[in-house]
Amino acid sequence: MAGVYISLCSLVLIVPLTLLHLLYFIVRPKAVRVPIANRHVFISGGSSGIGLALAHLCARHGAAVSLLARNVANLEEAKQSIKQATGRDVSVFSGDVRDYDFLERAVEEAGPIDVLVCNHGVFSAQEMETQTLEEIKFMVDVNLMGTFHMIKAALPAMKKDRAARGPGSIAIMSSQAGQVGVYGYSAYSASKFGLRGLAEALQQEVIGDNIHVSLIFPPDTETPGLIEEIKTRPQLTNIIASSSGAMKADEVAKKSLKGIQSGAFIVPCNAEGFLLSVATAGLSPQRSFLMAFVEVMTAGMMRLAGLFFQWNWYRSIEKWHAMNKNKTH
């Protein structure tokens, strides 16, 4: 009996250690460190919210920062706030990410980019039946096509002399609604889910140029845009979205910068986001063999947890519809 017990204990130790050893050799891309000091960081959607908070952080780390956004007044205010806080000058560019020709001119004027942060985005929560096609197209054009435009405009100069300039980064700001569909976010989730396919394929295309892609998944973030969105979004959206708490822009910026510096492909921003990232890991690249170990060992458990979340969400939807039916009778 003692021999059987010892054999079982040995098996319990050997299997995880063997898996760790295997993962150490097969996880790709390999670990990397992306420096920020004395680099050029270009942030779209950088005049407010997460983008502005990230710009402040990068400037404090010694980066040369360029900001792009549509509103001239907000850009100037952002520029002055960074100058006052860090003493560093900031380049600003006013325009629309849907305008590719403008983006080409902006990145040429800004100079070669080391870290590109595609932070721009628009959102409007509404059931697809009542949302206009113009609103849907606007979100897809800005969130998805605007990111294609931004990356395509910046990439040629990013790749040039990369070996001498050190590792580069392309960070794409998605959303937890880009990991799981949420009631009222049909168009928004579609535009953000698309970013994942873009990021996964792009990482394969640029890894040979020492450029590393990070896909950031913030929850609701306390920004001016969220305040306006909450006023009009469906009640059910608020109920389901409340399962992951809101964060401050500064907190998301810190998590984002840490993920960018470590070259992490998936960058969650809170505890719920971490669990969601593990549950939706799929075929995404993973640099950390330890995180790969967590993903492999917890895959079944995370699927079960996901089913419980779905059960809770659909129960909320059923209750809401039942309550509204009773009101109309």
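**View 1. β2, α3 and β3 form a right-handed β-α-β unit.** Right-handed means that, with the strands pointing away from the viewer, the path from the first strand over the helix to the second runs clockwise. Helices (H or I, at least four residues) and strands (E, at least two) are DSSP runs, numbered from the N terminus. The model is predicted: local features need pLDDT of at least 70, side-chain atom pairs count only at pLDDT 80 or more, and totals for chains, interfaces and linings use all residues. Residues are numbered from 1 along each chain as its sequence is written, and side-chain values use heavy atoms, with hydrogens and water left out. β2 and β3 pair in the parallel sense over 5 bridges; pairing requires at least two DSSP bridges between two strands. S66 stands opposite S91 in β3.

**View 2. An open sheet of 7 strands runs in the order β3-β2-β1-β4-β5-β6-β9, with parallel pairing.** β3 (90-94) and β9 (266-268) are the edge strands; each has a single partner strand, so one side of each lacks a neighbour in the sheet. The twist averages 15 degrees from one strand to the next. Axes are lines fitted to C-alpha atoms, for helices over the stretch in contact, and angles run from 0 to 180 degrees between N-to-C directions. Helix α3 (residues 72-86) packs on the sheet and touches β2 (64-69) and β3; contact means heavy atoms within 4.5 Å. The direction of α3 makes about 175 degrees with that of β3. Helix α5 (residues 133-159) lies across β1 (40-44), β4 (115-118), β5 (168-173) and β6, at about 180 degrees to β4.

**View 3. Strand β6 (residues 211-217) pairs with β9 in the parallel sense over 3 bridges.** I216 stands opposite V267 in β9.

**View 4. D114 meets both R162 and R165 in salt bridges.** A salt bridge puts a side-chain nitrogen of Lys or Arg within 4 Å of a carboxyl oxygen of Asp or Glu. The N to O distance is 3.1 Å for D114 and R162. D114 sits in the loop between α4 (100-110) and β4, and R162 in helix α6 (residues 162-165), 48 residues apart. For D114 and R165 the distance is 3.3 Å. D114 is buried at 8% relative accessible area, and R162 is buried at 2%. R165 is partly exposed at 25%. Buried means under 20% relative accessible area, exposed over 50%, partly exposed in between (1.4 Å probe, protein chains only).
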